[in-house]
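Q: Could we go through this structure feature by feature, taking the general idea before the particular case?

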Amino acid sequence: FLPHTRLSDHVNNIPAQHIFLILDACFGGTFDRRISEAGHRGDEDYSEVSPEEIKNRKIKYTSRRYLTSGGKEYVPDGRPGNHSPFARKLLEAFRSYGGQDGYLAIGKIKQYVEKVTPEPREGEFGSHAPGGDLVLLPQGKTRK
């Protein structure tokens, strides 16, 4: 067992510009002190700029982002021998290879996983720079 504060410190000190931490665990949302203390979250809207500009904005700054399978509650493991509902939707997002835009960011991944119960939580931690985000770019794969 590792306290979230210690995990955050360890991951934050990895010498990488972009880190995306995924927690598929009961009470995973308590990784974010705002959720564990008050449950506050916020979303951004980029509907007026091109997908390429969005991608360029996101990769410009250091990012420390996380996604959890729930907040302050137990989360389902799913049927024996199968993925959890959260993991199943997460895999669907990864298998989309970013769709027409050709990249996956937290917002797109969230669109897949937000359909499960309980509601997944996401946010930032550590030395995250305002405007920074994780961007996954598929390499060597044909998009479906």
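Q: Which residues of α4 meet which residues of α5?
A: In this predicted model, the α4 side of the contact consists of F86, K89, L90, E92, A93 and F94, and these meet I109, Y112 and V113 in α5. By residue class, the contact of α4 with α5 divides into 7 nonpolar and 2 charged residues, with no polar ones.

Q: What describes the geometry of two packed helices?
A: Two packed helices are described by the angle between their axes together with the distance between those axes. Here helix α4, residues 85-95, packs against helix α5, residues 106-113, at an angle of about 135°, and their axes are 8 Å apart. That angle makes α4 oblique to α5, because only angles over 145 degrees would count as roughly antiparallel. As for handedness, α4 passes α5 in a right-handed crossing.

Q: How many cavities of 30 Å³ or more does a search of the whole structure find, and which residues line the largest cavity?
A: The search of the whole structure finds 1 cavity of 30 Å³ or more, and the space in the largest cavity is about 40 Å³. Its lining is formed by S69, V75, P76, P85, F86, V116, T117 and P118, a set that divides into 6 nonpolar and 2 polar residues, with no charged ones.

Key: Residues are numbered from 1 along each chain as its sequence is written. This is a predicted model: local features need pLDDT of at least 70, side-chain atom pairs count only at pLDDT 80 or more; totals for chains, interfaces and linings use all residues. Side-chain values use heavy atoms; hydrogens and water are left out. On a 1 Å grid over the protein atoms alone, a cavity is a set of points where a 1.4 Å probe fits but cannot get out, and a pocket is an open set with protein on both sides within 12 Å along at least five of seven lines; lining residues have an atom within 4 Å of a point. Grid points are joined across faces, edges and corners, and a volume is the space filled by probe spheres set on the points. Ala, Val, Leu, Ile, Met, Phe, Trp, Tyr, Cys and Pro count as nonpolar, Asp, Glu, Lys and Arg as charged, and the others, Gly among them, as polar. Axes are lines fitted to C-alpha atoms, for helices over the stretch in contact, and angles run from 0 to 180 degrees between N-to-C directions. Helices (H or I, at least four residues) and strands (E, at least two) are DSSP runs, numbered from the N terminus. Angles under 35 degrees count as roughly parallel, over 145 as roughly antiparallel, 65 to 115 as roughly perpendicular and the rest as oblique. A crossing is left-handed if the near helix is turned anticlockwise from the far one by less than a right angle, and right-handed if clockwise. Contact means heavy atoms within 4.5 Å.
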